[in-house]
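Subject: Structure handover

Hello,

Here is the structure you asked for, with the sequence. My notes on it follow below.

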Amino acid sequence: MAKKKEEELTYVDKKGKRLDGRGLTDLRPIKIEVGVVPRADGSAYLEWGQNKVVAAVYGPKECLPKHTADPLKGRVNFYYRMATFSVPDRKNPKPGRRETEISKVCSEALQKAIFLEQFPNTAIDVHVEILDANAGTRIAGLTAAAVALADAGIPMRGVVAGCTVGRAGGQIMLDVTKEEEDAPDAVDIPIAIIPSTEEIVLLQMDGLFTKAEWEKALPLGLEGCKKIAKLQEAALKKRFETKEFLESVEAERVSEQALPQKPRVNPVVAAGPMLSADASETLDEENQEMEEALEEEVEQ
Ligand code: UDP
């Protein structure tokens, strides 16, 4: 019965308007707020249509368990979770296959953007909580996570920005809703890019496009990603230009000067698994000896 009702829906009317009144190339309303979780190293809250997402970043920190550490680069642990109340049918709180898959693809997308080689043997934990869901939550989560990473000061090639493109009622459209995702001919394609290089870091396809449809959909999706990147940039600028933020940076600088310096990442951990504390001391001594020898040479 429900299926029959869906088939009767007109996904795009004669004026080119969709069920929620948007045009084919319009995004849902988006709001991004940065620095919403004071305990985290970086965080963001994002509303994308009905979707509501919180992202919090912790790290770079020591990678535990230690055998999972990579001596050449840092790890990105992405945890995508949906709240039990985020969808009409109560979501089982236990992470399922879908959450594992989304966490994996989002982690891989962020790995392409972060200069992970600067953080060997460390882990960056990225937590994404979906509080309310209406299609496109992986992209909303990834977009919020990228902003949270920038807020945490993690060096990146660019802030990853994403968007979905799809088909409903025979029409190619940007940013599909749940209703459109449930259309009989639905196709849903999440895309994420690094806007500065246009490198695609996430691309999935639920449904099938013809070649002609794909040629129309891809530029539309990329355009959508670039619009999202502008919103991310504006949100970050807003955060870093506030009086409170500038004051907090100044307060941190003063307190750091007053206290003995404590490295955020243990340098021994960062140097590699083969390097014990003793080995690191020996290296320091050797370096000092080499420097002294060089100085002597220069003096002569
Ligand atoms: N959804 C749901 N229950 C679930 C998982 C998903 O109702 O357990 C809904 C939710 O609105 C979600 C949509 O189905 O946004 C589409 O899910 P999909 O797996 O395509 O991922 P998304 O589009 O959210 O990235």
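A residue is called buried here if 20 or more other C-beta atoms lie within 10 Å of its own. Gly-141 has 30 C-beta neighbours inside 10 Å, so Gly-141 counts as buried. Please keep in mind that this is a predicted model.

Gly-141 is part of helix 3. Leaving aside residues up to four places away in sequence, Gly-141 touches Val-53, Ala-55, Tyr-80, Cys-106, Val-128 and Ile-130. Tyr-80 is 61 residues from Gly-141 along the chain, yet their C-alpha atoms are separated by 7.5 Å.

On the chain as a whole: it has eight helices and nine strands. Of its 300 residues, 36% count as buried. Among contacts between residues at least 6 apart in sequence, 70% join residues at least 24 apart.

Helix packing. Two packed helices are described by the angle between their axes and the distance between the axes. For helix 2 (residues 97–113) and helix 3, the angle is about 40° and the axes are 11 Å apart. That angle makes helix 2 oblique to helix 3. Their crossing is right-handed. From helix 2, the residues in the contact are Ile-102, Cys-106, Ala-109 and Leu-110; helix 3 supplies Arg-138, Gly-141, Leu-142, Ala-145, Ala-146 and Leu-149. By class, this contact has eight nonpolar residues, one polar and one charged.

Ligand. Val-87, Ala-133, Ala-135, Thr-137 and Arg-138 come nearest, out of 13 residues around the ligand. Helix 3 (137–151), helix 4 (178–181) and strand 8 (187–194) each give two or more residues to this shell. The shell consists of six charged, four nonpolar and three polar residues.

Backbone. Most residues other than glycine have a negative phi, and most peptide bonds are trans. Some places here depart from that pattern:

- Gly-59 to Pro-60 is a cis peptide bond, with omega near 5°; Pro-60 lies in strand 3 (residues 51–62).
- Leu-64 and Pro-65 are also joined by a cis peptide bond, with omega about -10°. Pro-65 sits in the loop between strand 3 and strand 4 (75–82).
- Asn-121 has a positive phi of about 65°. Asn-121 is in the loop between helix 2 and strand 5 (122–132) and is buried, with 25 other C-beta atoms within 10 Å.
- Glu-198 has a positive phi of about 65°. Glu-198 is in the loop between strand 8 and strand 9 (199–203) and counts as exposed, with 11 C-beta neighbours inside 10 Å.

Regards

Terms used:
Residues numbered from 1 in each chain as written. Predicted model: local features only at pLDDT ≥ 70, side-chain atom pairs only at ≥ 80, totals over all residues. Near = placed C-beta within 6 Å. Helix = DSSP H or I, 4+ residues; strand = E, 2+ residues; numbered from the N terminus. Nonpolar A, V, L, I, M, F, W, Y, C, P; charged D, E, K, R; others polar. Axes fitted to C-alpha atoms, helices over the stretch in contact; angles between N-to-C directions. Parallel < 35°, antiparallel > 145°, perpendicular 65-115°, else oblique. Left-handed = near helix turned anticlockwise from the far one by under 90°. Contact = placed C-beta atoms within 7 Å. Buried ≥ 20, exposed ≤ 12 C-beta atoms within 10 Å, placed from the backbone.
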